[in-house]
Amino acid sequence: MAAKAASMTAGARFYTLSNGVRMPSVGLGTYRVREQGALDACILEALRSGYRLIDTATVYRNEAQIGNSLKKIFENDLVPGLTRQDIFLVSKLAPKDQGYDACYQAVQDSLRQLQVDYIDLYLIHWPGTAKLKLPNAQNAINRMESWRALEDLYHAKKLRSIGVSNYTIRHLSELIERPHHSHSYSHSSAESPIATPSSPARTMVIPHVHQFEMHPRLFQQELVEYCQAHRIQVQAYSSLGEGRLIVQTAPLPPPDDPYYNEKPVPGALEVMPDLIRKYFPGSSATLSKKNGMMIDGLEPALISESEYSKRSAQILLRWGLQHQAVVIPKSTHPQRVRDNFDLFSFEIEPSDMALLDSYSTKGHRVRYCWDPTEVR
Ligand SMILES: NC(=O)c1ccc[n+]([C@@H]2O[C@H](COP(=O)([O-])OP(=O)(O)OC[C@H]3O[C@@H](n4cnc5c(N)ncnc54)[C@H](OP(=O)(O)O)[C@@H]3O)[C@@H](O)[C@H]2O)c1
């Protein structure tokens, strides 16, 4: 019975947040995509394929381009009937903009860059503040001030929902267990129409969403359960391990990317060929654990990687959905964008879910992105 309920949720195209807002369960990631033409193409492909969520961040430096892409799509009716209200836009506060005033201003900047009147979800990208050492206690003060700015912007209806990203349970519990009388501000912006030190007590907001790294090699079950217990929607990032969970030769990031974990990491999960055989029996590719790939009557070089990648990506993303997470795969290849949305025609059995979960046990765990554990 429990498995059935879980699978029904997993098949959902939308989740309902604790404030009643509907959030699509699959979205397009846009990290490291800045070029206007590339964004125009992958956003259009995504929206035509059924995606309704786009994930960006101030630090991706692509909000303006995403705003331009959407404007072109709406003005030219490139996806017939689609309007701003159909899209769920996610952006994030840069670590350099922590604190009440800077956060308040950063949201105004994001609204302007994206060319919208409201943003569907705004997240504090990282619990720390740029240029502060991880153990510095000021990190905690700054992110609480940022949160107050987000609460005010949420109440002012500039943000339809608010949340955090890369928080540990310790960081989250600070927000959730705040005493209800803590409504004083250390300072407030003169430009802020809502928040003044003399404001009456406001309604505090529990984060609606938490976005963090989650894939079979980093299934943070305790964190997932903590979020679920507090009705915080989990949004998984790097579901494909930045591509490194599915292909043998991972694409290298730009040399200026400060967040990339360059350590050599294990590649594709070895159970994947069996799972692909099981869940995609009609696949034209026959996979062999030993040889990597054997193709029925086809030139392996022509099909192996694309077929293997497609199915692996779908299994990894479906694993996230079956843990009730939102998934946001990033791709600039039209076919991959389409494949990554094709997640609703199969279901991973509980025993295979457990098998995939087991890759997160000690010794197998891999974190591809930044680690917030030491942030005070
Ligand atoms: N909150 C945070 O701190 C944080 C951190 C990291 C990411 N994110 C968000 O999460 C999104 C997704 O994470 P991510 O970009 O790190 O990595 P990801 O989605 O796990 O993987 C993206 C990589 O996989 C490749 N890929 C995508 N679909 C594929 C397929 N079907 N077959 C083979 N390869 C495929 C892509 O290459 P091509 O583009 O060449 O297809 C790209 O190199 C980001 O874009 C961003 O929006 C948030």
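Student: How do H3 and H4 lie to each other?
Tutor: H3 and H4 are oblique to each other. Oblique is what's left once you take out angles under 35 degrees (roughly parallel), over 145 (roughly antiparallel) and 65 to 115 (roughly perpendicular). Helices here are DSSP runs of H or I with at least four residues, strands are E runs of at least two, and both are numbered from the N terminus.

Student: Is this a model or what, and how are residues numbered?
Tutor: It's a predicted model, where local features need pLDDT of at least 70, side-chain atom pairs count only at pLDDT 80 or more, and totals for chains, interfaces and linings use all residues. Residues are numbered from 1 along each chain as its sequence is written.

Student: Ok, back to H3 and H4. What's the angle?
Tutor: About 40°, and the axes of H3 and H4 (residues 100–114) are 7 Å apart. Axes are lines fitted to C-alpha atoms over the stretch in contact, with angles from 0 to 180 degrees between N-to-C directions.

Student: Which residues meet there?
Tutor: From H3 you get Glu63, Ala64, Ile66 and Gly67, and from H4 Ser110, Gln113 and Leu114. Being in contact means C-beta atoms, placed from the backbone, within 7 Å. By class, the contact of H3 with H4 has 3 nonpolar, 3 polar and 1 charged. Nonpolar is Ala, Val, Leu, Ile, Met, Phe, Trp, Tyr, Cys and Pro, charged is Asp, Glu, Lys and Arg, and the others, Gly among them, are polar.

Student: And how do H2 and H3 pack?
Tutor: H2 (residues 36–49) packs on H3 (residues 63–75) at about 50°, with the axes 9 Å apart. That angle makes H2 oblique to H3. H2 brings Gln36, Leu39, Asp40, Ile43, Leu44 and Leu47, while H3 brings Gln65, Ile66, Asn68, Ser69, Lys72 and Ile73. Those residues split into 6 nonpolar, 4 polar and 2 charged.

Student: What about H4 and H5?
Tutor: Their axes come within 7 Å and cross at roughly 45°, with H5 covering residues 138–155. So H4 and H5 are oblique to each other. Tyr100, Cys103, Tyr104 and Val107 in H4 meet Glu145, Ser146, Arg148, Ala149, Leu150 and Leu153 in H5. This contact of H4 with H5 has 7 nonpolar, 1 polar and 2 charged residues.

Student: New topic: how many strands form the open sheet, and in what order?
Tutor: There are 8, running S3-S4-S5-S6-S7-S8-S9-S12, with parallel pairing. Two strands pair if DSSP finds at least two bridges between them.

Student: Which are the edge strands?
Tutor: S3 (27–29) and S12 (326–327), since each pairs on one side only.

Student: How many bridges do S5 and S6 have?
Tutor: S5 (residues 88–93) and S6 (residues 121–124) pair over 4 bridges, in the parallel sense. Ser91 stands opposite Tyr122 in S6.

Methods
Two residues are in contact if their C-beta atoms, placed from the backbone, lie within 7 Å.
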